[in-house]
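Subject: Structure handover

Hello,

Here is the structure for you to look through. Please open it alongside this note.

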Amino acid sequence: MALASAFTALAFAVLAGCSFEPEEKIWEISGPVFGTSYHINVVLTEDQERLETLASGIDEVLEGVDASMSTWREDSELSRFNQRSDQSEWVPVSAGLLRVLQKAEEISTMTAGAFDVTIGPVVNLWGFGPEARPEQIPSEESLSRVLAATGFEKLELRVDPPAVRATPPQYVDLSAIAKGYGVDAVARFLESEGVEAYLVEIGGEVSVNGRKPDGSTWRLAIEQPMAEGRAVNRVVALESRAMATSGDYRNYYESEGRRYSHTIDPETGEPIAHKLASVTVIADDCMTADALATGFNVMGYERANELAVRENIPAYFIVRTDEGFETHQTPAFSSYVTQ
């Protein structure tokens, strides 16, 4: 995937006969990645060379994540594992890929399998993966056959040295967690470069640190779940936190009068069909928020809310009703809401 960056900024006003300390301002770095786009705000004094260095470094970080975890690239580290015939033997993996697989295992256990990175073949069967959309929905026979081979418990991880093996054949799909990991990877890079205040957003998944130049916190909008257009449902204020949203209102198709969501329930192998339209999760890191949002979206409001309250997870749910939408939030979420 070719990545490009562009940064935009406002130049400093120079007052004749006056001298002053350089001000910190918000500078934007943006570009395409993972089939979507990234937008990064950094709080810095004016330094074009430093901005160019950051932009180049961000592209390098994101290219590394894509080269490791993409299922759309046949040469990625993950795709090479998925193509192996000897998955039952230990396959060395990078530290980053192991970290994502460890987090995936943790969230899979927490959600009782509602989050499952081995569900990729079923996702592909329904036409939401790299393969073309099928001309008709899967038959019960083909769905049962493919579903029987999946299961997160069929992956085994080794820490030292990093490696993974599986009960073959497994096709691992990290699309519900890799974006969040990419956000975290960029955040770590910025901090390594001495950037203390930033907002990193990739395809709607966000991580922030520090505050804006005026001392205010970063304010983020939660969208109203509409297929077309954009509207704000709620605004939250974050500092040194990450946020991710999962919903069924953008990536779907319709066939013979039925709507098919891209989110697949690993238990049934079918697209989710409950009333939960959108769930937003706040966590310490974006990888966790990303995976939990997907897991909660699969579980539906009642089960997900029960788990989130029990685990003290900040979560915000938008549920469809006959009259429109109703919203619910866990006690841990309330302190972040500004409107």
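This is a predicted model. I started with the aromatic rings. The count comes to 4 aromatic pairs. One of them joins tyrosine 316 and phenylalanine 333. This pair is stacked, at 5.3 Å centre to centre, with 25 degrees between the planes. Tyrosine 316 lies in strand β15 (residues 315–321), and phenylalanine 333 lies in the segment after β16 (324–329), so the pair ties together parts that are 17 residues apart in sequence.

Are these two residues buried or exposed? Tyrosine 316 has a relative accessibility of 1%, so it counts as buried. Phenylalanine 333 is buried too, with a relative accessible area of 0%.

Phe296, Tyr301 and Phe317 form one aromatic cluster. Arginine 158 lies over the face of tryptophan 90, at 5.0 Å from the ring centre.

Next, the annotated site. The UniProt record, an unreviewed entry, has a "binding site" annotation covering Ala176, Asp290 and Thr294. These residues are spread over 119 residues of sequence, yet they cluster in space, with a largest C-alpha distance of 6.5 Å.

Where do the aspartate and the threonine sit? Aspartate 290 is in helix α7 (residues 286–299). Threonine 294 is in helix α7 as well. As a reminder, an α-helix has 3.6 residues a turn, so residues three or four places apart point the same way.

Aspartate 290 has a relative accessible area of 4%, which is under 20%, so it counts as buried. Leaving aside neighbours within four places in sequence, aspartate 290 is in contact with Ala176, Ile177, Ala178, Lys179, Gly180, Glu205 and Ala244. Threonine 294 is buried, at 15% relative accessible area. Not counting residues up to four places away in sequence, threonine 294 touches Phe115, Ala176 and Ser246.

Now the strands. Strand β2 (residues 25–33) and strand β3 (residues 36–44) run antiparallel and are joined by 9 bridges. Glycine 31 stands opposite tyrosine 38 in β3. β2 and β3 form a hairpin with 2 residues between them. In the turn, phenylalanine 34 has a positive phi of about 55 degrees.

β3 also pairs with strand β7 (residues 198–202), in the antiparallel sense, over 5 bridges. Here isoleucine 40 stands opposite valine 200 in β7.

There is also an open sheet of 3 strands, in the order β4-β6-β5, with antiparallel pairing. Which strands are at the edges? They are β4 (91–92) and β5 (155–158), each of which pairs on one side only. β5 and strand β6 (residues 163–166) pair over 4 bridges. Leucine 155 stands opposite alanine 166 in β6.

Last, helix α1 (residues 48–69). At 1.5 Å a residue, its 22 residues should span 32 Å. The end C-alpha atoms are 32 Å apart, which agrees. The buried residues in α1 include Leu51, Leu54, Ala55, Ile58, Leu62, Val65 and Met69. Asp59 and Asp66 are buried there as well.

Best wishes

Notes. Residues are numbered from 1 along each chain as its sequence is written. This is a predicted model: local features need pLDDT of at least 70, side-chain atom pairs count only at pLDDT 80 or more; totals for chains, interfaces and linings use all residues. Side-chain values use heavy atoms; hydrogens and water are left out. The expected span of a helix is 1.5 Å times one less than its number of residues. Buried means under 20% relative accessible area, exposed over 50%, partly exposed in between (1.4 Å probe, protein chains only). Rings of Phe, Tyr and Trp (its six-membered ring) pair if their centres lie within 6.5 Å; planes under 30 degrees apart count as stacked, over 60 as edge-to-face and the rest as tilted. A charge sits over a ring if NZ of Lys or CZ of Arg is within 6 Å of the ring centre and within 35 degrees of the ring normal. Two strands pair if DSSP finds at least two bridges between them. UniProt positions are given in the numbering used here, feature names are shortened, and annotations may be inferred rather than shown by experiment. Contact means heavy atoms within 4.5 Å.
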